[in-house]
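I opened the notebook for a quick look at charges and greasy surface. Here is what I looked up, in the order I went.

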Amino acid sequence: MEKTFTFENLPEQRIYANILFYLNLIGLFILLAGFTLYLTGVIAPIVPLEELPRLWSLSLNEYMEKSNMPTGWQWVSNIGYGDIAPMLGIAVLASVTFMCYFVLLFQFIKRGVKTFALIVSIELLLILLSASNLIQVTH
């Protein structure tokens, strides 16, 4: 007689998958909405679309100097500009893993799984540390 096995996901796996699915949808929507507002000119950009071809041939340093584009976390204070608005969608997409782990941390604590809670805590700390730009690698 042939044995059959059934596989059930843990509750944490379902929670992770749901958060992943919905945050990715939200992030993609924000990204596309911001890009559409930028292309249609509803939101004025820092660098007008007509100037972009002239700036594309410049080096990064020259481009940053002539375009006055924000660097690092400065984009947050310029979110009202059309060429910066899509960055909010990118930020949401980039934060999906953090949000999933953050929710899982409390699920593991609630369930009493200390080892997984410790692993997720370390992951969260490393994500925050890398996002903070406190560790810089230079060439």
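How many salt bridges does the structure hold? I found two in this predicted model.

Entry one, across the chain. I looked up Arg 111 and saw that it forms a salt bridge with Glu 12, with the closest N and O atoms 3.3 Å apart. Arg 111 sits in helix α5 (residues 96-111) and Glu 12 in helix α1, so this pair ties together parts that are 99 residues apart in sequence. I then checked cover on both partners. Arg 111 is partly exposed, at a relative accessible area of 40%. Glu 12 comes out buried, because its relative accessibility is 6% and the cut-off for buried is under 20%.

Entry two, the other pair. Glu 51 and Arg 54 meet through their side chains in a salt bridge, at 3.2 Å from N to O. I noted Glu 51 as partly exposed, with 33% relative accessibility.

I came across a patch of about 720 Å², made by Leu 118, Ile 122, Leu 126, Leu 129, Leu 134, Ile 135 and Val 137. I picked out Leu 129, which belongs to helix α6 (residues 114-132). Its relative accessibility of 30% makes Leu 129 partly exposed.

I placed Ile 26 in helix α1 (residues 11-40), and its relative accessible area of 42% counts as partly exposed. From Ile 26 to Ala 117 I read 27 Å, C-alpha to C-alpha, for a separation of 91 residues in sequence.

Conventions
Residues numbered from 1 in each chain as written. Predicted model: local features only at pLDDT ≥ 70, side-chain atom pairs only at ≥ 80, totals over all residues. Heavy atoms only, no water. Patch = residues over 30% accessible without salt bridge, like charges linked within 9 Å, V, L, I, M, F, W, Y side chains within 5 Å. Areas by Shrake-Rupley, 256 points an atom, 1.4 Å probe, with all protein chains shown as cover. Salt bridge = Lys/Arg side-chain N within 4 Å of Asp/Glu carboxyl O. Helix = DSSP H or I, 4+ residues; strand = E, 2+ residues; numbered from the N terminus. Buried < 20%, exposed > 50% of the residue type's maximum accessible area, 1.4 Å probe, protein only.
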